[in-house]
Amino acid sequence: MRSDPAPGALDGVRVADFSRVLAAPYATMLLADLGAEVIKVERPGVGDETRAWGPPWSDEGEATYFLSVNRNKESRVIDLSSPEGRQAALDLVAECDVVIDNFRSGTMERLGLGPDELLDRHPGLVVCSVTGFGSGEGASLPGYDLVVQAVGGLMSVTGSEESGPMKAGVALVDVITGLHATIGIQAALRHRDRTGEGQRVEVNLLSSMLSAMVNQASAYVVTGQVPQAMGNLHPSIAPYELLTTADRPLAVAAANDKLFALLAEGIGRPELARDPRFARNSDRVSHRRVLVAELEDVLREQPADHWFEVLSGLGVPCGPINDLQQAFDLADRLGLQPVQEIAEPGRPPVRTVAHPITLSRTPATYRTPPPLLPPSPGTSQAGGA
């Protein structure tokens, strides 16, 4: 439902959003949810590419991809290829605190909207650039999530020997990069509020991917050891994987000796925790195959939901493999309110996934649905997908 509460944490922050597709639009949506005013600049006639990325489509013919990252924004059509459009863009920037784009490096400069030029005009501006491979030697490389999952190492550790390299089932690199952009923008705004100085914020997909590889990246950087794909296994913890039950797999994350003892107790095999092959995590990693056989002998006797209830009751981290419907049902049962509806006069309510951050005094709000594409200058018809 629509909510109009007190001003959000970022109330008063105005964002000129020259981005499209996913990484940067996700960042600007998060800022908008927290109270920022976001003006999304779109191309005449077609707008953001994701307006046409379907199926699936909503009942009103809107691409669900576009709907996923564009709530709480105003759309403004500007033709950046024309002198008039570039002037309109400069006029918009003059009224904003933040400018963000995810064009290929050099594009904004060619349009007369480069960070250096904008900061010369407006020293307190925060200018965020989201690229695939940075503004140096990789400036000419186009950045797409699939490609960066490949070249950034994620696919090399995802999948198994049988499957070969696999991408994540969602554009994970784009999402992580969008989060990094959000953090960078807010840090720059904090500095601006203290000193009056704006600055440039640069985020790229490859650096975000390498940072998000965390322990796998650290293993290589510290030891030179190159991690390999292990399917659903963990290189350093056991059991931390999928285990077979009577119906569907159960993810079990017994990440320390105490949790393993609770797991053994929960399945009625407390002696496993005293077995010298399984007493410590390092022992369990060394004897993973025989350990899994012992556990699955018992787990196959009951369905995954039974073990989820029993083991969760003991504090053992575990859960069945849910599809998205089951995942949303679980979040709903847990009181997380994972789906919100946004109503706007003259338009059917739009269902949207809830903002993930809870703030006790300045919570996220759902003020407007993702915008329809406005008419191009000189026309009377809107051109939404």
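I began with Asn70, which I found in the loop between H2 and strand S3 (73-77); helices (H or I, at least four residues) and strands (E, at least two) are DSSP runs, numbered from the N terminus. The model is predicted, and I kept in mind that local features need pLDDT of at least 70, that side-chain atom pairs count only at pLDDT 80 or more, and that totals for chains, interfaces and linings use all residues. Residues are numbered from 1 along each chain as its sequence is written, and side-chain values use heavy atoms, with hydrogens and water left out.

Is Asn70 buried or exposed? I noted a relative accessible area of 0%, so Asn70 counts as buried (buried is under 20% relative accessible area, exposed over 50%, partly exposed in between, with a 1.4 Å probe and protein chains only).

I then looked up what the side chain of Asn70 reaches, and found the backbone oxygen of Phe66 at 2.9 Å, as well as a polar contact with the side chain of Lys73 at 3.0 Å. A polar contact here is a pair of N or O atoms within 3.5 Å; within protein, one must be able to donate a hydrogen and the other to accept it, and residues adjacent in sequence count only if both atoms are side-chain atoms. Setting aside neighbours within four places in sequence, I listed Pro25, Met29, Lys40, Asp48, Pro370 and Pro371 as in contact with Asn70, where contact means heavy atoms within 4.5 Å.

Next I looked for aromatic pairs and found 1 in the structure. Trp53 and Tyr65 form this pair, which is edge-to-face, with 5.1 Å centre to centre and 85° between the planes. Rings of Phe, Tyr and Trp (its six-membered ring) pair if their centres lie within 6.5 Å, and planes under 30 degrees apart count as stacked, over 60 as edge-to-face and the rest as tilted. I placed Trp53 in the loop between strand S2 (37-42) and helix H2 (64-67), and Tyr65 in helix H2, 12 residues apart. Trp53 is partly exposed at 36% relative accessible area, and Tyr65 is partly exposed at 28%.

Last, I looked up an open sheet of 3 strands, with the order S9-S10-S11 and antiparallel pairing; two strands pair if DSSP finds at least two bridges between them. Strand S9 (240-243) and strand S11 (318-320) are the edge strands, each pairing on one side only. I counted 4 bridges joining S9 to strand S10 (residues 250-253), and noted that Leu242 stands opposite Ala251 in S10.
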